[in-house]
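Dear colleague,

I am handing over the structure below, and my notes on it follow. Please read them alongside the coordinates.

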Amino acid sequence: MQQLFPLALRRVLPKQVRAPLIDLCNFFRGLCSKVLHARELIQLERRIALTLCHLERIFPPSFFDIMVHLPIHLATEARLAGPVQYRWMYPVERYLSTLKAYVRNRSRPEGSIAEGYLAEECVVFCARYLDDVETRSNRATRNHDGNIDTRVELPIFVNPGRHLRGVNIVNWDVDTMKRAHQYVLFNCEIVQPFLSEHREMIRNQNPRLRIRDIERIHNETFASWFANQVQNMDFVNERGISDELRSLAQGPNFIGKRYKGFIINGIRFHVKEIEQRRKTQNSGVVVIAKTTSYSSANDRNPVIGDVTYFGVLKEIVELEYFLSRKVVLFKCDWVGQGRMQRQDENGFTIVDLSRPMNTGEPFILASQAQQVFYAEDPIDKGWHVVIKTSPRDCFDMDRREEIDVEDYLLSETCTGDISDDNEEIRWVREGVGGTATTNNMIIY
């Protein structure tokens, strides 16, 4: 109901009918989130009242029983009692199914459940004392990232995550290795001062060049300039050049690895190739990148902002630098903002995956990738509806400014006088002459 039902309603019902139904689905999706914010719950309280008013204009009065009225109070209940996952019946029902599985003697179900429960408690108690043995209580989750190498110094070489399936040893061509290494350099924090220095040097040497041409030259020549700069600094012993920085400046080996699957950030990714034989989907990728936008070729005041790119995972590559330092990259077909990405009248993001961008930067770091799913649009061929999700064990505990729920409940906003717009309305019909009738009533 929260994800797929709104997609089914997009092209089936008229807009005035599907709009409140989609709002109702969005209400339950926000209510069932793993992390709830007080401000969002206040907005849900206001939205559900308006949504039910729209539904009253569509459905007959017999439709509105007590269960339809119940959503009015659900947001308030979540604001007082917390996330719904701690209060709904699904965990209880699953545990009842576990107890029913203990029954071996159908003539004595209570005794079987008691014996099975006691055996389970004994096994769990003994497992607490087994440190070197993998048990059900201490084993890693299905999408566990693996252990992080704490011996590295540069954050770019800290590779959380683990690969799946087999490994293919490949020889990189010059163009692929150049693009991948360039992206690694541009996203390494320790290289940022060198990036600014190189860009300023190009600007001083070519004062008449446009900003766009300066950026093009900067992207093409920075890797070689950076290698020479680090080599010269190492020769005169400046800034205390570390071994990992030397390794990063020298570039990766021409021999690398290619994977079919990878787990990172609690998310399982597969390349598009192996999904052709499956009904599941794990190749959708989304990334938010800072992009410089130009209105024209002569634009001297470009705008830098966050742009959302949706893509399909094509390759998972691993670059190996000297000192056995490694970086995992995702190579994707990207769809950016413009004609290949739009929002429909229902608020859904739709992308055209049949015509990806011809970009010179197909790579992203594996740690930057987030997952989305694509549902094929039955009307527009080639277009897909984007469904955003979050990892199962990940909680979005951002540091946004929050309000205290108890203070809100005691504030004037919540407890103040509520004005009634209908107080001045006279419900007695005026201007119409009355009719007197006489009825003979028999009282028993």
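Glutamate 45 is found in helix H3, which covers residues 38-56; helices here are DSSP runs of H or I with at least four residues, strands are runs of E with at least two, and both are numbered from the N terminus. This is a predicted model, in which local features need pLDDT of at least 70 and side-chain atom pairs count only at pLDDT 80 or more, while totals for chains, interfaces and linings use all residues. Residues are numbered from 1 along each chain as its sequence is written, and side-chain values use heavy atoms, with hydrogens and water left out.

With 17% relative accessibility, glutamate 45 counts as buried, since that word means under 20% relative accessible area, whereas exposed means over 50% and partly exposed lies in between (1.4 Å probe, protein chains only). The side chain of glutamate 45 is joined to that of threonine 76 by a polar contact of 3.0 Å; such a contact is a pair of N or O atoms within 3.5 Å, where within protein one must be able to donate a hydrogen and the other to accept it, and residues adjacent in sequence count only if both atoms are side-chain atoms. Leaving aside residues up to four places away in sequence, glutamate 45 touches Ala75, Thr76 and Arg79, contact being heavy atoms within 4.5 Å. The buried residues of H3 include, besides Glu45, Leu41, Leu44, Ile48 and Leu52. Helix H3 has 19 residues and reaches 28 Å from its first C-alpha to its last, close to the 27 Å expected at 1.5 Å a residue, the expected span being 1.5 Å times one less than the number of residues.

Turning to charged pairs, the structure holds 14 salt bridges, each defined as a side-chain nitrogen of Lys or Arg within 4 Å of a carboxyl oxygen of Asp or Glu. One of them links aspartate 175 to arginine 179, with the closest N and O atoms 3.4 Å apart; because these two residues are 4 residues apart in helix H8 (residues 174-186), about one helical turn separates them. Aspartate 175 is partly exposed at 41% relative accessibility, and arginine 179 is partly exposed at 34%. Another salt bridge brings together the side chains of glutamate 315 and arginine 258 (3.6 Å, N to O). Glutamate 315 lies in strand E5 (residues 303-320) and arginine 258 in strand E2 (residues 255-264), so this pair ties together parts that are 57 residues apart in sequence. Arginine 355 also forms a salt bridge, with aspartate 352, at 3.1 Å between the closest N and O atoms, and aspartate 352 counts as buried at 3% relative accessibility.

Finally, a search of the whole structure finds 0 disulfides, a disulfide being a pair of cysteine sulfur atoms within 2.5 Å. Cysteine 126 is in no disulfide, and the nearest cysteine sulfur, that of cysteine 122, is 6.6 Å away. Cysteine 126 is partly exposed, with a relative accessible area of 48%, whereas cysteine 25 is buried, with a relative accessible area of 1%.
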